[in-house]
Amino acid sequence: MSFEVNFRATMSEKDPFENLEKQLKELDYPHVYMFKFICKSDPKTMALVTAMFDDKNEMTIRPSKNGNYSSISIKELMIDSNSIMKKYREAAKIKGLMIL
């Protein structure tokens with residue numbers, strides 16, 4: 001099964017990850033999952049995101065046209081949906097990070 005998950009956390013939702021979690025449970029595991037993030041091109045924020053993942057993972061960082069923002073994509077072999085959700089919950093704590 002292949003799909004792309006768009007996620008936007010809002011304060012009004014009880015659990016902003018609920019729908020994502022349901023979709024992730026439909027995947028077959030282990031699964032190479034692509035995490036996608038957008039943040040300001042701030043070295044501290046980018047370091048916090050990249051530090052969540054091992055150096056062995058395929059990682060792509062692309063600056064926006066004007067260089068104000070960067071997209072960060074990371075592919076990692078995940079063993080189950082819980083391990084993916086753990087990464088997303090950790091990422092959600094990073095100020096100014098958009099999770100796609």
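The side chains of Ser70 and Ser41 are joined by a polar contact of 2.8 Å, a polar contact being a pair of N or O atoms within 3.5 Å, where within protein one atom must be able to donate a hydrogen and the other to accept it, and where residues adjacent in sequence count only if both atoms are side-chain atoms. This is a predicted model, in which local features need pLDDT of at least 70 and side-chain atom pairs count only at pLDDT 80 or more, while totals for chains, interfaces and linings use all residues. Residues are numbered from 1 along each chain as its sequence is written, and side-chain values use heavy atoms, with hydrogens and water left out.

**Confidence**

The predictor's confidence in each residue is given as pLDDT, on a scale from 0 to 100. For the protein the mean pLDDT is 87, and 87% of its residues reach 70 or more. Over residues 1-12 the pLDDT is below 50, although this stretch has 16 contacts in the model beyond near neighbours in sequence, a contact meaning heavy atoms within 4.5 Å. Where pLDDT is low, the predicted coordinates should not be read in detail.

Four strands form an open sheet in the order E2-E3-E1-E4, with antiparallel pairing; two strands pair if DSSP finds at least two bridges between them. Because E2 and E4 stand at the edges, each with a single partner strand, one side of each is left without a neighbour in the sheet. Between E2 and E3 the antiparallel pairing runs over six bridges, and Thr60 has Ser73, in E3, as its bridge partner. The hairpin of these two strands has five residues between them, and there Gly67 takes a positive phi near 80 degrees.

Ser70 is itself found in strand E3, and it counts as buried because its relative accessibility is 4%; buried means under 20% relative accessible area, exposed over 50%, and partly exposed in between, with a 1.4 Å probe and protein chains only. Leaving aside neighbours within four places in sequence, Ser70 is in contact with several residues, including Phe37, Cys39, Met46 and Ile61.

In helix H3 (residues 81-91) the buried residues are Ser81, Ser83, Ile84, Met85, Lys87, Tyr88 and Ala91, and they pack against H1, strand E1 (31-40), E3 and strand E4 (98-99). At the start of H3, a side-chain oxygen of Asp80 reaches to within 3.2 Å of the backbone nitrogen of Asn82.

Met52 has its place in the loop between helix H2 (43-50) and strand E2 (58-63), and with a relative accessibility of 8% it counts as buried. Apart from neighbours within four places in sequence, Met52 is in contact with Lys87, Glu90, Ala91 and Ile94. The C-alpha atoms of Met52 and Tyr88 are separated by 10.0 Å, although the two residues are 36 residues apart along the chain.

**Aromatic rings**

A search of the whole structure finds seven aromatic pairs. Rings of Phe, Tyr and Trp (its six-membered ring) pair if their centres lie within 6.5 Å, and planes under 30 degrees apart count as stacked, over 60 as edge-to-face and the rest as tilted. Two of the pairs are set out below.

| Pair | Centre to centre | Angle between planes | Type |
|---|---|---|---|
| Tyr33 and Tyr88 | 6.1 Å | 90 degrees | edge-to-face |
| Phe37 and Phe53 | 6.3 Å | 50 degrees | tilted |

The pair of Tyr33, in strand E1, and Tyr88, in helix H3, links distant parts of the chain, 55 residues apart. Phe37 lies in strand E1 and Phe53 in the loop between H2 and E2, so their pair ties together parts that are 16 residues apart in sequence. Tyr33 and Tyr88 are buried, as are Phe37 and Phe53. Ring pairs link Tyr33, Phe35, Phe37, Phe53 and Tyr88 into a cluster.
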